[in-house]
Amino acid sequence: MAEAVKEAASFSIKANTKGLGYSFWLPVLWLALVATGAGSAHIWKLPAFDQMDWDHPAAPPGARSEISVSVSEGQKIDLPFIYRLGTDTMGRDILTRLLFGARISLAVGLVAPFFGFLLGGSLGIFAGYFRGRFETLVVAMMDVILAFPGLVLLLAISFYLGPGVINLIAALAFLTVPAFCRVARANTLTWAQRDFVLAAKAVGAGHLRIIVGHILPNILMPMLAYGMLLVAVMIVAEGALSFLGLSVPAPTPSWGGMISEGREVLDQAPHVSLIPAGVMFLTVLSFNLIGDRVRERNDRKICEL
Amino acid sequence: MAFYLRKLVRLLVVVIATSALTFLMVALLPGDLAYEIAGAEATAEDVAVLRQELGLDQHILVRYWHWFTNVCRGDLGISYHTYEPVLDAILARLPVTIELLFFSQLIALALALPAAIISANRAESAIDRGVGIVGFATLSIPSYVMALVLIFLFALRWRWLPATGYTPFSEGIISNLKSFLLPALSIALIEWVPLMRVLRSDLIATLKEDYILVARAKGMPTWRILLRDALKPSSLTLVTILGLQIGHWIGAAVIIEMIYALPGVGRLLVNAIFSRDFLLVQGCVLFITVAYVVINFVVDMLYSVLDPRIRLETVNG
C-alpha cells in the first residue's frame, strides 16, 4: 500500500514539472464558455426556451425556420432564423435550452457544495480541533448519513422536501456535508499537531484565532480540490434527478431533462439527446480535470515540505 | 474476538440509526399520513378514525417502537396503492436487481483485471497512460448517458439487442441474458475504472517485492508471474473497493432499471416516489440501506479474515 502511494506521488510530480498545462487550461476555457453562456443566455437573439415550433420538431442542426415568429423578451428575431443546434421534440431551440439549462446545472453544481462546504467544513474543523465527545458525535452522525447509498438518500430527501430549485439545492447540499466534514477533520487532525499551532497557543491565541488564522488557510486547498470533484458529482446527480423527472419542473430546461426528453426520438434524431449529453460530459470532465490538477499540486506541495 | 464484537455492535448501531432516520422521514412528512391515505373526499371524522387505526395519535417514540418491532418481524406495512405488503413487493423484484448487479460486477471485473494487469506490467508506458486517460474520461460519463449511447448504438443503429423490456428467467435463459446485457454494460463500462485503478497500483507495489524478483531470476514467464504470483496478494484492496462501490452500483441500478424498464427494486422505489406511496418508499429505502450496510460489514469481515494484519492493527491501535 505504502509503495502504491509513493508510486502515485512520484507520478504526479513528474506530470507537474511542466506547469499546469493544457489539461488544466482547456477545461478552464470550456467552463468559462459555459458560465458566460449561462450568464448571458437572455441577451442573445434567440427564441425563448419554451417557444415551440411545431413545424420543426426534432429538426437537425442548421435547420431554417421561416414562418414562426420567435420572440425573446421583446426582441424581434431576423427571419429566417437558423436553429444552430437543431430543435427538440417540441420544436424548441436546443441552443437556447442548453444555455438556460447551464444556469440550473451551474447553480446546483456550485451552490450545493458551497453550503455543504460551510456546514461540513466547520463541523469537521471543530471535530478535529476540539476532539473529545463532540468529535465522536460528529463522526457517528456522518457515518450514519454515509450508510445510505448516495442516490437513494437523494431520492428520499427530495421525496421528503418536494420539487423546486431551493429544495433540490438543499437536498444536494446535505449530501455533500459528510464528505467535506471528513476531509476537513482529517486535515485538521494533522495540522493541529504542528509546532506553529502549539506556538500560537503558547503566545496565548484563542481557539477561534488559531482555527481561522492557522488551520483554515492550510486545509482550504485540499477542501477546494475535493469541492471541484463534488461539483462534478452534483451536476451528474442533478442530471439523474431531472432524468427521473424529480428535478426542476417543466418547461424550465435542465441538461438531464433535455437528455431524457430526447430519448423518444433517439432513433430518428439522436442529436436531441446526444448534444446535451455531450455538453454535460465535457463540463463534468472539466471539473474533474481541474480538481485532479489542484489535488496534484497540493500533494506536491506537501511532498516538498 | 473483541474486534468482531466491536464491528458487530457498530453494525447494529448504524442499522438502528438508519432505521430511525427512515422512520422520521415519513413520520415528520409535511401533511399527515392519514390525510394522504383517506383521500380528498374524506370527512374529518374519517380521518380521525384512520388516525386512531394507524396509531398516529400516539407519541412518536411509541410509534417508532411499534414500527421497529414490526420491521424486525418482517412487517414493513402495506402499500396504499396496490394493497400489497411492502416486503413482498420488494422481495418479488429483488432477483432482477441482484441479477443486474451481478452481471455488471462480472463484466466490470472482466474489463478491470486484464486492463490492470497490462497497465501494471508496463507501468508508465504508453499503454498504461492510455488506459489511465480512457479511465479518467470514462468516470465523467453519467450512467444514464452511457445507457443512451449503448441503446443508440446496439439497439437502434445495429439492432443487435432489445432496447428495453425484460424477459423473466423462466421464459428462456438466452433472452433473459439478452435483456440484461445492455443494462449491465451501462453500469460496468463506467464502474470498471475504480476497480482497475486500485488493482493496478497494488499490482505495481507487489511486483517490486523480492519474491517476484526471485521468480523473474529463475526465468519464470512474465504471464505466470503476473497471474499466479502477483495477482492474488494484490487483490485485497479490490475486495474492499467492491464493497465500498456497492453504494454507487445501487444508485446506478436505480436509473438503469428506469431506462431499460427492468422491474427491479430501484424502479419500485422511483415509482413509489411518483405515486407518493409513503410506506413503500420507506420500505425500499430501509431495505436498500440495510442491505448496503450489511454487505459492507461482510466485506469488512472477509477482508480481515484474508489479511490478519488489519485485525491486529485495529485492536492495537
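Predicted model: local features only at pLDDT ≥ 70, side-chain atom pairs only at ≥ 80, totals over all residues.
Residues are numbered from 1 along each chain as its sequence is written, with chains lettered from A in the order in which they are written.

**View 1. Chain B as a helical chain.** Chain B has 14 helices and 0 strands (DSSP runs: H or I of at least four residues for helices, E of at least two for strands). Its C-alpha trace spans about 85 × 60 × 35 Å along the principal axes.

**View 2. The side of chain B that touches chain A.** Chain B puts 37 residues into the contact and chain A puts in 36; a contact here means C-beta atoms, placed from the backbone, within 7 Å. Elements of chain B giving two or more residues include α1 (2-27), α8 (173-206) and α13 (278-306). By class, this side has 29 nonpolar, 6 polar and 2 charged residues (nonpolar: Ala, Val, Leu, Ile, Met, Phe, Trp, Tyr, Cys and Pro; charged: Asp, Glu, Lys and Arg; polar: the others, Gly among them).

**View 3. Helix α5 of chain A against helix α11 of chain B.** α5 (residues 150-161) of chain A and α11 (residues 236-260) of chain B pack at about 55°, axes 7 Å apart. G150(A), L151(A) and V152(A) meet G247(B), I250(B), G251(B) and V254(B).

View 4. Across residues 1-17 of chain A, pLDDT stays under 50. Chain A as a whole averages 81, with 87% of the residues scoring at least 70.

Conventions: Axes fitted to C-alpha atoms, helices over the stretch in contact; angles between N-to-C directions. Contact = placed C-beta atoms within 7 Å. pLDDT = per-residue confidence, 0-100.
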